[in-house]
Amino acid sequence: MTEIKIKRIYSPSSPGDGRRILVDRLWPRGIKKADAALDQWARDIAPSTELRKWFSHYAARFDTFAERYAAELAGNPAWPEFLSDVLACDTVTLLYSARDEQHNNAAVLAKMIEKEQPGGK
């Protein structure tokens with residue numbers, strides 16, 4: 001079973017992070033690629049530009065955002081391969097740049113991955 005963590009990309013990396021995957025479509029401001037300690041930048045599985053702009057990190061829109069993002073992923077050809085790659089790891093840390101640590105695309109993605117694991121809810 002894969003342990004899924006989420007973390008702001010602005011937080012320092014740690015040995016327990018496992019595979020570090022940036023799940024934002026846009027590169028985070030102020031982060032140098034050489035300093036990001038990334039294993040992968042999965043921009044293809046990030047929310048669409050339209051959805052990201054609509055959400056605009058308003059917590060009141062989060063539930064609808066999560067539903068729309070899940071629907072986007074269900075039709076995204078990159079999702080099955082991404083999911084397979086993640087589930088093959090022991091530990092994965094999904095990195096995001098949003099300030100809100102609870103209402104962001106990485107939180108939605110983590111729940112979706114957990115549902116796909118054996119015994120997932």
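Phe 65 is buried, with a relative accessible area of 2%; here buried means under 20% relative accessible area, exposed means over 50%, and partly exposed is in between, using a 1.4 Å probe and protein chains only. The model is predicted, so local features need pLDDT of at least 70 and side-chain atom pairs count only at pLDDT 80 or more, while totals for chains, interfaces and linings use all residues. Residues are numbered from 1 along each chain as its sequence is written, and side-chain values use heavy atoms, with hydrogens and water left out.

## Aromatic pairs

The structure holds 6 aromatic pairs. Rings of Phe, Tyr and Trp (its six-membered ring) pair if their centres lie within 6.5 Å; planes under 30 degrees apart count as stacked, over 60 as edge-to-face and the rest as tilted. One of the pairs joins Trp 27 and Trp 41: the ring centres are 5.0 Å apart and the planes stand at 70 degrees, so this pair is edge-to-face. Trp 27 lies in the loop between strand E2 (19-22) and strand E3 (40-41), and Trp 41 in strand E3, so the pair ties together parts that are 14 residues apart in sequence. Helices (H or I, at least four residues) and strands (E, at least two) are DSSP runs, numbered from the N terminus. Trp 27 is partly exposed at 22% relative accessibility, and Trp 41 is partly exposed with a relative accessible area of 22%.

Back to Phe 65: this residue forms a stacked pair with Tyr 69, at 5.8 Å centre to centre and 25 degrees between the planes. Phe 65 and Tyr 69 are 4 residues apart in helix H2 (residues 62-74), which means about one helical turn separates them. Tyr 69 is buried, with a relative accessible area of 0%. Together with Phe 55 and Phe 62, Phe 65 and Tyr 69 form one aromatic cluster.

## Arginines over tryptophan rings

Which residue lies over the face of Trp 41? That residue is Arg 43, at 3.6 Å from the ring centre. A charge sits over a ring if NZ of Lys or CZ of Arg is within 6 Å of the ring centre and within 35 degrees of the ring normal.

Arg 43 lies in the loop between E3 and helix H1 (49-55) and is partly exposed at 37% relative accessibility. Not counting residues up to four places away in sequence, Arg 43 touches Asp 24 and Arg 25; contact means heavy atoms within 4.5 Å. Arg 43 and Leu 26 are 17 residues apart in sequence, and their C-alpha atoms are 7.4 Å apart in space.

## Helices H3 and H4

The axes of helix H3 (residues 79-87) and helix H4 (residues 105-116) come within 11 Å and cross at roughly 75 degrees. Axes are lines fitted to C-alpha atoms, for helices over the stretch in contact, and angles run from 0 to 180 degrees between N-to-C directions. H3 and H4 are therefore roughly perpendicular to each other; angles under 35 degrees count as roughly parallel, over 145 as roughly antiparallel, 65 to 115 as roughly perpendicular and the rest as oblique.

On the H3 side, the contact is made by Trp 79, Phe 82, Leu 83, Val 86 and Leu 87, and on the H4 side by Leu 109, Met 112, Ile 113 and Glu 116. By class, this contact has 8 nonpolar, no polar and 1 charged residues. Ala, Val, Leu, Ile, Met, Phe, Trp, Tyr, Cys and Pro count as nonpolar, Asp, Glu, Lys and Arg as charged, and the others, Gly among them, as polar.

## Two strand residues

Ile 21 is found in strand E2 and is buried at 0% relative accessibility. Leaving aside neighbours within four places in sequence, Ile 21 is in contact with Gln 40, Ala 42, Phe 82, Val 86, Val 92, Thr 93, Leu 94 and Leu 95.

Thr 91 has its place in strand E4 (residues 91-96) and counts as buried at 18% relative accessibility. Among the residues that Thr 91 touches, not counting those up to four places away in sequence, are Glu 3, Lys 5 and Arg 19.

## Positive phi in two loops

Most residues other than glycine have a negative phi. Ala 37 has a positive phi of about 55 degrees although it is not a glycine; Ala 37 is found in the loop between E2 and E3 and is partly exposed, with a relative accessible area of 36%. His 57 also has a positive phi, near 60 degrees. His 57 lies in the loop between H1 and H2 and is partly exposed at 42% relative accessibility.
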